[in-house]
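Thanks for coming. I have one structure to go through today, so please look at the screen and follow along.

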Amino acid sequence: MTDLFSKFDPLIQQRQALLDTGVEDPFNLVMERVLSPTVAVCNGRETILLGTYNYMGMTFDPDVIAAGKQALDDFGAGTTGSRVLNGTYAGHRLCEDALKEFYGMDHAMVFSTGYQANLGIISTIAGKGDYIVLDIDSHASIWDGCKMGDAEVVPFKHNDIEAMEKRLKRIPEGAGKLVVLEGVYSMLGDIAPLKEMIRIAKENGAMVLVDEAHSMGFIGPNGRGVAEEQGVLDQVDFVIGTFSKSVGTVGGFCVSNHPKFEILRLVCRPYVFTASLPPSVMHTAATSIRKLMHAGDKRAHLWENSRTLHKGLRDKGFQLGTSEPQSAIISVIMPDLERGAAMWEALLHEGLYVNLARPPATPAGMTLLRCSLCAEHSAEQVQAIIGMFERAGKSVGII
Ligand SMILES: Cc1ncc(COP(=O)(O)O)c(C=O)c1O
């Protein structure tokens, strides 16, 4: 018998070698208690959270929590079924109405996760004979959506407008075309030049899907994302998003103005063949989305935090993923996995939690310490974080 697990041996060995150095497992940290959007107890110690994607700090918003508790009382713990058969509750409609209003679009469809939203929408709308043109650094859920469907998949170099245009022009006349982009690319925290890319996509007869997972709630005057910020939201055919980041719970969605959009509820397999989200999640999400419409002050404070941390780390000598802060993600580039893990652990001992990211999730084989800021981080916390980075960086020999 061939052990089907033998293909994982190189990864098992790499992981073991890392743990043998005595470092704490960076991919297995337990948050024993969570005290607020920015502080948790890890290993019995209060730790500042800087790796949560909780950009707008909605997880502990009193209105959001009250809505979830009330929904538990009114509708029970779960739906136990698919949206199409027995799983559409009032909360799903409430949430889809909130999304339509948030984006000013005609249609909204809620999925159980953002991963499933990409999987479902991409694999369903791009079929045999169609072409998907996508950024090579796209999120795994976008790649998996391509894999699940039957379309031809044509990647182009990250954020390279010319490369995208060349690929589009090579597609045979008359074929269906879908360009898939992200607003913020979550590994380095850089944004896409959506304005130019969408113009070229449209000139070449393509439909456009933009994943705004890491920009919803924060970027753009109304928090609708990078497409809103760059004034091109009305040209986007499909916006994909998640509730697991700024919204502060779990779930995914697609919004669109396409007149035939509703047919997807019958043909999109990751929507049809899975249980819907529990009512408590739907009511928390709907409440959070409505509050995010009026969160201009929080957005301004989060930009302030992003600018301060970026400048602070750069001034201390760290190499960062972007030359200017472009989002709420500040990525610190590590020389290799071993020193990345050592730095991650040194930061944890300082009382700071960040994300250690490594290939294949990262571009160009990089090891990154990814920091995601929150609108609830105080100015004092951000200064404390910079001090922790400085001490940890010196102790590990990175700066
Ligand atoms: C760009 C992007 N799209 C989609 C997702 C999936 O979202 P979810 O956590 O809701 O499955 C993520 C999650 O990290 C993401 O970064």
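This is a predicted model: local features need pLDDT of at least 70, side-chain atom pairs count only at pLDDT 80 or more; totals for chains, interfaces and linings use all residues.

Let me begin with the ligand. There are 14 residues around it, and those that come nearest are T113, G114, Y115, A213 and T242. Which helix gives the largest share of this shell? That is α4, residues 114–125, with three residues. Sorted by class, the shell holds ten polar residues, two nonpolar and two charged.

Next, a pair of strands. Strand β5, residues 131–135, is parallel to strand β6, residues 152–156, and five bridges hold the pairing. If you want a place to look, find D135, which stands opposite F156 in β6. Between the two strands the chain passes through helix α5, residues 140–148, and this β-α-β crossover is right-handed.

Now two helices, α6 and α7. Which residues make the contact? On the α6 side they are I161, M164, E165 and L168, and on the α7 side E196, M197, I200 and A201. Of the residues in this contact, six are nonpolar and two are charged, with no polar ones.

Last, the open sheet. Three strands form it, in the order β13-β16-β15, with antiparallel pairing. Its edge strands are β13, at 329–334, and β15, at 355–357, each of which pairs on one side only. From one strand to the next the twist averages 30°. Strand β16 covers residues 367–372, and three bridges join it to β15.

Helix α12, residues 296–315, touches β13 and β16, and its direction makes about 20° with that of β13. Helix α13, residues 337–350, touches β13, β15 and β16, and its direction makes about 30° with that of β16.

That is what I have. To go back to the ligand for a moment, T113 and Y115 are among the residues that come nearest to it, and ten of the shell residues are polar.

Technical notes: Residues are numbered from 1 along each chain as its sequence is written. A residue is near a molecule or strand if its C-beta atom, placed from the backbone, lies within 6 Å of it. Helices (H or I, at least four residues) and strands (E, at least two) are DSSP runs, numbered from the N terminus. Ala, Val, Leu, Ile, Met, Phe, Trp, Tyr, Cys and Pro count as nonpolar, Asp, Glu, Lys and Arg as charged, and the others, Gly among them, as polar. Two strands pair if DSSP finds at least two bridges between them. A crossover is right-handed if, with the strands pointing away from the viewer, the path from the first strand over the helix to the second runs clockwise. Two residues are in contact if their C-beta atoms, placed from the backbone, lie within 7 Å. Axes are lines fitted to C-alpha atoms, for helices over the stretch in contact, and angles run from 0 to 180 degrees between N-to-C directions.
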